[in-house]
Amino acid sequence: MFPDNNSRSAQLYREARNVIPGGNSRVAVYYPPYPVYIAKGEGCRLTDVDGVERIDFINNMTAIVAGHSHPKVVEAVTRQAQSVMGVGAPHENEVRLAEMICERVAGVEQIRFTNSGTEGIMYAIRTARAYSGRNKVARVEGAYHGGSDLMETSQSGSTPDTWGPAERPNTTRVDTGVGSEVIDEVITLPMNDVAAAKAILSDHASDLAAVILDPFTPRLGFIRASDEFLAYLREFTRSNGSVLIFDEVMTFRSGYHGAQGQVGVVPDLTTFGKVIGGGLPVGAVGGLREFMAVFDQHDSRHRVYHSGTYNANPMTTAAGAAALGVMTPDAYDHINRLGERLRAGLRAALRNADMPGCVQGVGSLTYMHIGDEGPITDHRVRVGMNHDAEAHSLLHVHLLNNGVLTAEGQAWFTSLPMKDSDIDFAVDQVEAGLKQVQVGRRALAS
Ligand SMILES: Cc1ncc(COP(=O)(O)O)c(C=O)c1O
């Protein structure tokens, strides 16, 4: 049973806290009183260090799409490890992975690899600044674009006390370690508000290097950027000489041609991470040739110096190409259909347990909120919603004890090896868990 102070996970977490502040190196993997430590993954299942098996709906925050230890990925990585693991020279794998992504994504004629989505976004912004000769970057309030100072803005630090007027949001810092210069350099836009975006961007037009957004915003329950908002941003950036960046670090998983294939707008630059590394660390910035020319030392427009010991390393690029090779259009249909099934099941579970909540998402990416029927439409709506933190944690513990691993915040991601029966099993556990929460509350109230 979780939690169990005598478990191996609890013991490891105690040891970890001696040498790692907070006990681990990623805020997102911690939950109280300790996170379960994983020993093994196979297909859609993970086994923890105490031997408990669960269906994995976290999938390393979407990075795992073909399943854990997919035989083709394992074979590619093993073959690569036996040939050369890391080298201060280019390797053919880089070319093959680049070709695969360029072939799939409309806004990507060329691509440069990095080691994380964060870095891909840092270099997209550098490209935009070098291309435009300008400094400021506009972003949507509440969206997450990785860990760089510029992008660690206008998220959790944006609260009713700090966020300013809805039609002209303040830029805030996530923490005081983020340099204060970001307040001047980053412009914050309200999601899907064309009139507000027009007023804000026209004030900063002469110094606006880029606008960055996700076509579906993960942190806002995967809501879709509206056609009007996208059309306006596409038109404005083009006519203003600014660069339109789509962050597809997570949403590239939503379809064979990425999210941009679904919203039908071609950005100037696109950032990647997660699935394109087949499970190994990765990131990238891709785009149309005109913009990517800033990286090209043969081109008179060369302005960005891009280096990195592990960029496009042969292990990552082998794993990435193998995983993308498995992800055919049929494979995307499968994980997306499972995502639909999951959303329908979770909605029914909330209804059957008489628990207020909402379920949002796109394709294989799902978000469930407990405590308010929503829907989440932007950051301020999300912050203002009733959040039943107790039900979230009780459900999370119930799921840990009943064979299902989810992020505590109830983000759910499907993967290729999952079957309908895995989805139905998980949904049944959610319904049982929510009903148990309700029974407990009624008993306490009576
Ligand atoms: C939309 C989005 N952008 C950027 C990032 C940052 O990617 P990484 O964690 O690889 O730095 C993430 C990571 O979750 C993300 O979801």
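I take two strands as paired if DSSP finds at least two bridges between them. Helices (H or I, at least four residues) and strands (E, at least two) are DSSP runs, numbered from the N terminus.

**Entry 1: ground rules.** I am reading a predicted model, where local features need pLDDT of at least 70, side-chain atom pairs count only at pLDDT 80 or more, and totals for chains, interfaces and linings use all residues. Residues are numbered from 1 along each chain as its sequence is written, and side-chain values use heavy atoms, with hydrogens and water left out.

**Entry 2: the four-stranded sheet.** I looked up the strand order and found E1-E2-E3-E15, an open sheet with mixed pairing. E1 (38-42) and E15 (404-405) stand at the edges with a single partner strand each, so one side of each has no neighbour in the sheet. Next I checked E2 (residues 45-48) against E3 (residues 53-56): they pair antiparallel over three bridges. Arg 45 stands opposite Ile 55 in E3.

Entry 3: I turned to E13 (residues 357-362) and found five of its six residues buried (under 20% relative accessible area, with a 1.4 Å probe and protein chains only). Six bridges join E13 to E14 (residues 365-370), and the two run antiparallel. Val 359 faces Met 368 in E14. Two residues lie between the strands of this hairpin, and Gly 363 in the turn has a positive phi of about 50°.

**Entry 4: the seven-stranded sheet.** I read the order as E4-E12-E11-E10-E7-E5-E6, again open and mixed. E4 (110-114) and E6 (186-189) are the edge strands, each pairing on one side only. The twist averages 20° from one strand to the next. Inside the sheet, I saw four bridges joining E7 (residues 208-213) to E10 (residues 243-247) in parallel. Leu 213 has Phe 246 of E10 as its bridge partner. H6 packs on this sheet, touching E5, E6 and E7 (contact means heavy atoms within 4.5 Å). Its direction makes about 165° with that of E6; such angles run from 0 to 180 degrees between N-to-C directions, with axes fitted to C-alpha atoms, for helices over the stretch in contact.

**Entry 5: two helices.** How far apart are the axes of H6 and H7? I found 10 Å, with an angle of about 20° between H6 (residues 194-204) and H7 (residues 227-240). That makes H6 roughly parallel to H7 (under 35 degrees). The contact includes Val 194 and Leu 201 of H6, and Phe 229 and Phe 236 of H7.

Key. Parallel < 35°, antiparallel > 145°, perpendicular 65-115°, else oblique. Buried < 20%, exposed > 50% of the residue type's maximum accessible area, 1.4 Å probe, protein only.
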